[in-house]
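Hi,

Here is the structure I promised to pass on. Have a look, and my notes follow below.

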Amino acid sequence: MTEPVKVVLATRNTHKLGELQAILAAVAARPGGPDLSRIALVGANEFPDLPDVVESGLTFAANALLKAVDAAERTGLPAIADDSGICVDVLNGMPGIFSARWGGKHGADAANLDLLLAQVGDIADEHRGAQFVCAAALALPDGTQIVREGTVRGRLLRERRGEGGFGYDPVFLPDGFDRTTAELTAAEKNSISHRGRAFEALAADLAALV
């Protein structure tokens with residue numbers, strides 16, 4: 001039996017690993033979807049010596065590539081990574097690449113969300129447009145680099161709604177929905193999310209590995 005092709009997801013976030021596994025499984029299950037049956041996605045936790053990479057890039061794509069390239073070079077395996085965030089129209093696209101640390105501390109979701117809501121508190125509903133953006137990168141040990149991007153448009157609400165998701169999901173109402181991304185089921189969210197769309201585009205590149 002042919003051995004599966006290990007692909008490293010350059011994150012120690014087990015939630016993100018599970019989400020990505022679900023996204024790729026859903027993409028592969030669609031009629032005519034890419035064959036990912038021999039792709040074995042593993043998290044960075046399987047490589048204790050793999051360091052966290054400083055996200056010093058100035059774009060989502062640059063940060064995703066920094067992480068994927070480093071993981072591919074250190075493990076000798078194909079590696080994927082993503083960088084994502086929310087871009088608010090009236091803030092000229094910010095928080096953008098600073099979304100995870102907008103409140104001053106990386107990953108402090110409540111503080112990030114509180115600050116963003118305060119900053120747009122006096123903005124009329126019709127001007128609260130925003131989009132989630134994700135850049136998904138694939139890096140191979142031979143130096144090959146591929147980046148695919150996905151976006152989902154919507155607008156910011158004034159108060160949190162929903163218990164699912166994470167980050168800015170409780171205040172983001174995607175276009176065409178009456179529920180926030182924190183109120184959608186995981187399958188619903190993955191089918192329209194920026195990360196889902198970016199990795200759906202990258203799935204064909206992953207299938208080409210086998």
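This is a predicted model: local features need pLDDT of at least 70, side-chain atom pairs count only at pLDDT 80 or more; totals for chains, interfaces and linings use all residues.

Numbering starts from 1 along each chain as its sequence is written, and side-chain values use heavy atoms, leaving out hydrogens and water.

Back to those two Phe residues. Rings of Phe, Tyr and Trp (its six-membered ring) pair if their centres lie within 6.5 Å; planes under 30 degrees apart are stacked, over 60 edge-to-face, and the rest tilted. The count comes to one aromatic pair. Phe-132 and Phe-172 make a tilted one, 4.6 Å centre to centre with 55° between the planes. It links distant parts of the chain, with Phe-132 in strand 4 (residues 129–139) and Phe-172 in strand 6 (residues 172–174), 40 residues apart. Strands here are DSSP E runs of at least two residues, numbered from the N terminus.

Now the sheet: six strands form an open one in the order 2-1-3-4-5-6, with mixed pairing (two strands pair if DSSP finds at least two bridges between them). Strand 2 (39–43) and strand 6 are the edges, each pairing on one side only. Strand 3 (residues 79–88) and strand 4 run antiparallel over 10 bridges, and Ser-84 sits opposite Cys-134 in strand 4.

Cheers

How values were computed: Helices (H or I, at least four residues) and strands (E, at least two) are DSSP runs, numbered from the N terminus.
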